[in-house]
Amino acid sequence: MIRFFQFISLVVVFVMVSCSDDTNPRLDEQSFTKLYDNNKFNSSYTPIDIKQTADKGYIIVASRVLKESNYRGIYLMKVDSKGNFIKEVEVDPMYVNPVAKFMGLQDEFYFFCMMELSQATQLVKISSDLESIEFSEVGKRYPFAGNMDGNSFVLSTYDDFNKLSEISLVNSSGGILATKSFSIGVGEDIEEPIINHFIKGGTQLPFSVGRIPGGAYYFNGFYNYTFSLVFTDFVAEDPTGVVQGQQEGGGLSAIMPIAANKFAAARFNFGDNFIIPNATLSSSSITSSVNLGGNTFPELVPNAHVRIIHASINSKNILIYASDTKSSQIGLYFYDESTGAFIASEYLGFSNPFEIASLIQTEDEGLVVCGTTNMAGRFPRPTLFKLSKEKLKAIIN
């Protein structure tokens, strides 16, 4: 059974007590910090992504350690609007390797995973109350990442037989609508970081996939010996454009299309981290991630995980970057979307070490940050930080 702990500063305690009767009875929905533990002390749960449901609660998709497998299993958790635990599901261990993004379509939620024995990709559909979980096999192996494309999905996978990075369009039943494949290069050395990524035996690379609004599709993965951002129109045999990395030692750690060739991005280069809130990435030529420059962030851990979202705060279009700091906190960095100008920073976490998993803007215009913390220094557990609309306004003003 899950236990959850609520950590709040003395100032917030005072405000909650003084306002709970009549001034602001919903304060505990607007701002909270929760850490979720259970009595399975040898279990490890590492959050991957989060979505808000129609009842204003949240679903977390996480991976879990399987004792007799090289892969990670699947763990699902539902909490209410105040972050209080409602339900957990440890999915059958025959299904492994859940990948971001966690996607919402109408009243249901989807993500990709794979079968442990066959490595066949599965599209997972779950209900908002976790009462229904359905699996549809997709004719691909080794999923890297998924994303929305209207009422369908974009999927990045690996063809280990032919050493190909693949990008596919998939419908909500798991049917493949289109596929393009690109060679990763020849030789075992280039495949090694891919296999290590899947079995969690090495660096967890920032694979991602998506589409420029109304434009080209892209995947962030291996192409021609290098971890690169690859653009395709699903027509041409070769990529329409490539932003080359530095083998597996450098490349883009996060990207979010804004419009046309304008992106919010971050890159890593042999341990260094750079934030590029106003990047121009060509989808029709070959360029290098090294030439993108960017603002260096020495306070981040080497090759840090980075997440980026768009948020509307006080009628302003804001980019929020989230990453892992050397002080074991989650750093939030706010930028003006139109100019790329830095606005402010905020740090989350205390006592235990914390790492970013995902973040979303909520229905009430607040922000929920989902992360991982370690109980007793060694048991990964989910944690949630909820920042209110008023808190976000105070940060950017």
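Reader: R211: buried, partly exposed or exposed?

Author: This is a predicted model. In it, R211 is partly exposed, because its relative accessible area is 32%.

Reader: Which residue meets R211 in a salt bridge?

Author: D149 does. The N to O distance is 3.3 Å. D149 sits in strand β11 and R211 in strand β15, so the pair ties together parts 62 residues apart in sequence.

Reader: And D149, buried or exposed?

Author: D149 counts as buried, at 17% relative accessibility. The cut-off for buried is under 20%.

Reader: How many salt bridges in the whole structure?

Author: A search finds 15. One of them joins R381 and D37, at 2.9 Å from N to O. R381 is in strand β30 and D37 in strand β2, so this pair links parts 344 residues apart in sequence. Both R381 and D37 are buried.

Reader: What does K386 pair with?

Author: D364, with the closest N and O atoms 3.1 Å apart. K386 is buried at 3% relative accessible area, while D364 is partly exposed at 24%.

Reader: Which residues form a salt-bridge network?

Author: E108, K125 and E134 are linked that way.

Reader: Switching topic. In what order do the strands of the open sheet run?

Author: β3-β4-β5-β6, with antiparallel pairing. β3 and β6 are at the edges with a single partner strand each, so one side of each has no neighbour in the sheet. The twist averages 20° from one strand to the next.

Reader: How many bridges between β3 and β4?

Author: They pair over 7 bridges. D49 has V61 in β4 as its bridge partner.

Definitions and conventions: Residues are numbered from 1 along each chain as its sequence is written. This is a predicted model: local features need pLDDT of at least 70, side-chain atom pairs count only at pLDDT 80 or more; totals for chains, interfaces and linings use all residues. Side-chain values use heavy atoms; hydrogens and water are left out. Two strands pair if DSSP finds at least two bridges between them. Helices (H or I, at least four residues) and strands (E, at least two) are DSSP runs, numbered from the N terminus. Axes are lines fitted to C-alpha atoms, for helices over the stretch in contact, and angles run from 0 to 180 degrees between N-to-C directions. A salt bridge is a side-chain nitrogen of Lys or Arg within 4 Å of a carboxyl oxygen of Asp or Glu. Buried means under 20% relative accessible area, exposed over 50%, partly exposed in between (1.4 Å probe, protein chains only).
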